[in-house]
Amino acid sequence: MGKQYNQLTKDDRHVIATLKRRKLTQQEIAIEIGFSVRTVRRELACGTMAGREYNAKDAHQKKLARRKRSKHLGMKIDTYPELKTFIVKALKNQQSPEAIAGRIKNFHPELPSISSTSIYSWLRAPQGQQYVHLLQSKRYKPKKHRMKTKREIIPDRRPLTQRPAGANNRTRYGHTSSDTMVSGKNTGSKVALAGTIERKLRYITLTKIPNLQPESMNAGLVSNFTAMGIAIYTDTKDNGIENRYHKEIEKNLGITSYFCQPYSSWQKGEIEKAFQMVRAEGIPKGMDLDLVTDQRLQQVQDTLNRRWRKSLGYRSAAEMMVKRRIHEQKRAQKKRTATAMRYTNNETLTNYYLKSGHLGL
């Protein structure tokens, strides 16, 4: 076990000042307070103000000032240039400090570990101020919800209480949530965005639709489901009129729809959070979404899917989705091979019985 060192306290400094006034030597003072002579000598040298006798109050204030200067905010980042380079590059790729800290801990053992709090402290310090603009905006106060009149406009709704357990606890793939982002009222535009997110993988797909008619919404959802590239089993929706034709999705794609309780959007919080990140990417609330090009929408989608997520072990949704697609492709190929072999074996067996006369023909 390493040697432990004790720091002089404010009371120790008062004792030193008192003994100093009594004309005791440095060795006698050291014996009295239980410290080494070297500690007493250094304290008297560093704690004495110019032109004044040693004073316990002044010495303690000087000690606190030295301590504050010794470890400035962000000192660790400034000490390791490779760590600073990684953090700045990740911030430019629109990663959060929490995700950066987790990514370093899990995937970059060659870099010094650091907490998200330390990264935020460095950004607030003078040397990190130039990178503050790279942080994503966030809501600091919860949004107020107002109760509205209940309306029943969607036939054959399935409540969330009937949703499979694998979708509720995110232990199974292929369960999504969908919602719409509308243009600002003052723009007069009816163009909206249909967004879908895979609950387990956090993979987001976005499609621009001309209006909130049920036909347009279904077309947008089909585009989103197709872009996922994996098997989809359920989709969670709100009670907007654009979801009225959910039975057609179920009939054509085999995807069962489940609905939140009225005015309870928090029950599909993953897509609500996804839309917050979409707005932070330069598509603010109140904007005419008709001005957003398909190329720009794809860019936003790719940016969000490349972002490291704490819920994914600091991997990105894009990384996880690639693995899932490969897994499903291998499984489908294995199933096709087994079916072909079974057909071949049955055909061979039938020919054998025909030749041997065992079929009784």
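Leu193 has Lys208 as its bridge partner in strand E3. These residues sit in a predicted model, where local features need pLDDT of at least 70, side-chain atom pairs count only at pLDDT 80 or more, and totals for chains, interfaces and linings use all residues. Residues are numbered from 1 along each chain as its sequence is written, and side-chain values use heavy atoms, leaving out hydrogens and water.

- Strands (E, at least two residues) and helices (H or I, at least four) are DSSP runs, numbered from the N terminus.
- E2 (residues 192–198) pairs with E3 in the antiparallel sense over six bridges; pairing requires at least two DSSP bridges between two strands.
- Five residues lie between E2 and E3 in their hairpin, and Arg202 in that turn has a positive phi of about 60 degrees.
- Five of the six residues of E3 (residues 204–209) are buried, meaning under 20% relative accessible area with a 1.4 Å probe, protein chains only (exposed is over 50%, partly exposed in between).

**The whole sheet**
- Strands of a sheet pair through backbone hydrogen bonds, either parallel or antiparallel.
- Here, five strands form an open sheet with mixed pairing, in the order E3-E2-E1-E4-E5.
- E3 and E5 (256–259) are the edge strands, each pairing on one side only.
- E1 (residues 175–182) joins E2 in the antiparallel sense over seven bridges, and Ser178 stands opposite Thr196 in E2.

**A helix to look at**
- In helix H8 (residues 116–124), the buried residues are Ile119, Ser121, Trp122 and Leu123.
- Those buried residues of H8 pack against helices H5 (75–79), H6 (81–92) and H7 (97–107).

Technical notes
Contact means heavy atoms within 4.5 Å.
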